[in-house]
Amino acid sequence: MPVRMYDVSPRVFCAMQNLDITLLASYPEAEIRPVLPSLVRMSLLSPLDNTESSMESRKEILAVLIGIEVVNSIVSYLQVNYHELENELKKELQARQKSAFFEGQQHEYGLQSGIALGFERADVARKVRVVLSEIFNLQQQVSEQKPAAHSEMLDDGIYLEEVVDILCIALAELPSLLNILELTDALVHVPNGHRIICALVANFPDCYRDVVSHVIANCDEDGSDGKHRLMLLMGLSEMNPSQALANRSMCVDMLKVPSFMLKLTLKHPEDLIAFLTGLLLGNDQNLRSWFAAYIRSSQKRKGDALNLVRVELLQKVIQTTTNAAELRDFNLQGAVLLRLYCALRGIGGLKFNDDEINALSQLVTSCPQATPSGVRFVTLALCMLIACPSLVSTIPLENKAVEWLQWLIREDAFFCKRPGTSTSLGEMLLLLAIHFHSNQISAISEMVCSTLAMKIPIRPNSTNRIKQLFTQDLFTEQVVALHAVRVPVTPNLNGTILCYLPVHCIQQLLKSRTFLKHKVPIKSWIFKQICSSVRPVHPVMPALVEVFVNTLIIPNPTGKVNIDHMHRPFTEAEILHVFRTSKLTFFAEELPPMAESQELNQIEVTCPLTAQLLMIYYLMLYEDTRLMNLSALGGRKQKEYSNNFLGGLPLKYLLQKAHHYHNDYLSLFHPLLRLIISNYPHLSMVDDWLEEHNLAQGNSTVVVSKHELKPETLDRALAAIQTKPHLAIRVFKQLLQMPPETQAQYGQQLVKHLPMVFAKSVPRYVKDLYNDIWLRLNAVLPTTLWIMSLRAITNGSDTMDRRTFANESLLEPMEVLSCPRFVFCSPYLLMILLRILKGSLAASKTYLNVHMQMQQKQVLDKNGMMQTDAIWEDLRTTLIASQESAAVHILLEVLDYIASKATDRVSHLELREIQGIIGTYVHQAFISEPSLAKLVHFQTYPKSVIPMMVASVPSMHICIDFVHEFLNVTEMEKQIFTIDLTSHLVLNYSIPKSLGVSKFCLNVIQTTLSMLTASTKCRFLRNVMPAMVRFVETFPILADDCVNILMTTGRILHSQSSLGMTTMEMPLTDSDKLCTYRDAQLHIIMIEDAFKALVTAVMKKSDLY
């Protein structure tokens, strides 16, 4: 009778793990048979621990073994001389390695009657040798990747018990030859290998985790041994069920054996949904991709593990749907199932069968209670209808879905917004309908993926059925537009609200021109939403403003809708309603009276800063879009906001606030900054940004004063500033401690006394404090402050009406410089004036760019001449260059005038300061536009200013590159100016290039002198003589050339003096001869003096000699 080998039971393995002999003694003999080798060996070997408890354990083991007949044969295996056997086996292994055709009694092992019969008749030592040789033979075949040959010992179940006994003892006695992991790799290829390995692991329970991890790591389900390894893993798991979850975790960590992983999960069905959800929707992208690939491949080969999982999930869906009324957490369980099936379909590519489609359709169209969890369930169900088109693949399923959607629309508890929530299902349905109408499948996909919190593909052709349901049966375009405008705005709208809101619906409807098509006004809704926005600003709000502005100005691309009858821009009253709490709203001119409607008064501005920034973004974008599309308007009148109105709003202050709270206004700051830089560059000048940075660092010490500054106190201090400056110092220090919002309240009082503060009798410390206050006000209210400052400067000396001048000052820079003379003589007033001039030039440049572009487009539309582009571009460049060069020339003439009036030490110090201020301005102008330097010097300016220009303008060195071009001009005055300029440049920049320019100037001087008459020659030489001296002073090597010029000129003058004024005029009278001789002597003396100056200049270079 064949002996049947019993598999290791879980309780026996557990008792072996804990070495609970009492439990083992209570089990039947057949059940503990696989672990007898370890028990026998423990009972016979001398223990290392001789304590009383150890002795008691040995007694208990012996008590278990007594009476078991097979124990005697196991004892005989322990009596083999394993040392000698080890040496023989090592020799056999060496022989196997040397010869690829090792036979050496491989089949017989010294047995005369065959392996099976001989094994039964052989002695104990020969049996051990035969089993181990069979194992070595099997290991060799596996290592050589050969198919395992048939083995009577291992394949036949008769000898399995003895083979296990021998291997268990050999593993303990021959650790250098046998390893349980290597045995596992070999035995897994034989039919009964998994049973042998389980028995070995049961005898060595401490190796359980190592064996399992080793098998998992080397298991390939598609390989030749994949099936055997899966059987082994299942056997090990059944033997030790407590480690099932740990084994599953190893599969997940190693991304191996998904079938085994699923079968282990099925043993704990309550954990199935959570586990699969974690695999597909967890944060590990590699794990998600691995499991998705398994699902796709398993569907093709119809894997049993995946089918078992699908059956179990289907039962859960049916059970959840059937017991929906009884389950308290139906919404939660249903939502989890919906997300899991969406992940299986979208990420894993699972194709639903008919049973699954019917069950899921029943679950999706459930009608839960109107609770927050119910709204969540219905939202996920709606997204699943879109993500899984098979749920509406048949007419009955489609009708069921339509009925369910109509139920959602009828149920106000679902469709309308619930108290305490920021969104509603109705808003999501509207947004889906809008996207379907505009065929924006990508937006729908993004919306569905965001709601489901997973990235799944949604193909356009798969959404045709659900699209038809939305656009034709449920939400027509007109229904969407009429309903959307009645949806209340979202209170406290901010960027932390990630769900889909009414603002998304409005933005999409505006983008598709639906409101225009059906004549639905939307301005009031947008205004209310702007007033209800808080920080951090919602990212869709800038997009909403942008699309609203486009619908106001840009014609409909299809040309079917005339936008003139709909959509009006915000009025000044509505804009000022947003700014009514701002302390920085000042207008240079009084605005016409504006009556706010009762409806407008009822609108509350939740976050003034956010609403004001959005309104400023609207204004900037509106003006930019209007100017860029003037030709497209076709003569249609469009609302324009006046410069006075825009200038009175705190644009720059709000931009600073947006920069300060950069993270809160991330989606708004950058487009707003771009618009301001492109359209209002005078609000974003470099000097202002540097000043604001310094002021921001100083604001850390700003404290709020306990005593409020009264306007009467400020007026009193300003009136007595010349006699009692200490009052002004105390008041100014108090003002500097205030924030900009508070300082702006005193702006008009401060600026009104501007000329008085900068009078000569006022101490400089007072002026410095006032200048700091003016810069702080300039950082928040630049435009209004400039207009008020210009009025204050010009009020005392000009009685003409300055209102027109004040409004146009930002467009006409020359009007800014038409100030009284004392303004240019005061360094502080000059700095303020130049700051205004920079802003005026920047604004004028932008205005000319836009104006010329507009005119250019009009001309092109009229006649289409290609030359128009170049003509208008040249005209624009000429106008801008003429303004900038005129400003520089006026300042240089001012510098010449002040230098001529400087007589004492104090005036010279003021001249030095004004020279530095003007030089800094000219330097910045030259750096920003290098061609301006060429234009200014080509037009020339007073020669007395040249030394000051070279000394105070660091960028004057660029003139060395083009001064030689001016020498080709035939006008003597320009030649003299150029030579004088070059001499000062080479004196300040003694570089190799300057030497070449100096030589060129001397050649021009020599050539010009040879062609002039005597009187003109002397006048020219008198003007260029100081320049020649500077050439020689800089480059002594040019002394010979200069001396040669002087000697040649002297000979010519002496020769002409003996004949007359010219060679063609002969002196006829004695008086004429006397005059000619006298003039010649004067010329000779001038040349001698020039020679002395040259020698002195050379001798000063003592370091050369």
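**Helix packing and the nonpolar core**

L829 lies in helix 51, which spans residues 827–863. The model is predicted. L829 has a relative accessible area of 1%. This value is under 20%, so L829 counts as buried. Leaving aside neighbours within four places in sequence, L829 is in contact with L754, F758, I793, F822 and V823. A759 is 70 residues away from L829 along the chain.

M42 has a relative accessible area of 32%. That figure falls between 20% and 50%, so M42 is classed as partly exposed. Not counting residues up to four places away in sequence, M42 touches L19, R58 and I61.

For the chain as a whole, the secondary structure comes to 61 helices and 0 strands. The chain has 1105 residues, and buried residues make up 52% of them. Among contacts with a separation of 6 or more, 74% join residues 24 or more positions apart.

The largest nonpolar core holds 353 residues. Within this core, Y618, F732 and M956 touch the most other members. Helix 36 (residues 608–628) gives the most to the core, with 12 residues. Domain 1 (1–203) and domain 2 (488–592 + 599–682) each supply at least three residues to this core. In soluble globular proteins, nonpolar side chains tend to be buried together. The surroundings of M956 can be listed residue by residue. Setting aside neighbours within four places in sequence, M956 is in contact with F926, H937, Y941, M949, V950, L981, L985 and Y989.

Helix 38 covers residues 651–660, and helix 39 covers residues 666–679. The two helices pack at an angle of about 150°, and their axes are 10 Å apart. Their crossing is left-handed. On the helix 38 side, the contact involves L655, A658 and H659. On the helix 39 side, F669, L672, L673 and I676 take part. The residues of this contact divide into 6 nonpolar, 1 polar and no charged.

Note on methods:
Residues numbered from 1 in each chain as written. Predicted model: local features only at pLDDT ≥ 70, side-chain atom pairs only at ≥ 80, totals over all residues. Heavy atoms only, no water. Axes fitted to C-alpha atoms, helices over the stretch in contact; angles between N-to-C directions. Helix = DSSP H or I, 4+ residues; strand = E, 2+ residues; numbered from the N terminus. Left-handed = near helix turned anticlockwise from the far one by under 90°. Contact = heavy atoms within 4.5 Å. Nonpolar A, V, L, I, M, F, W, Y, C, P; charged D, E, K, R; others polar. Core = buried A, V, L, I, M, F, W, Y, C linked by side-chain atoms within 4.5 Å. Buried < 20%, exposed > 50% of the residue type's maximum accessible area, 1.4 Å probe, protein only. Domains from an automatic or database assignment.
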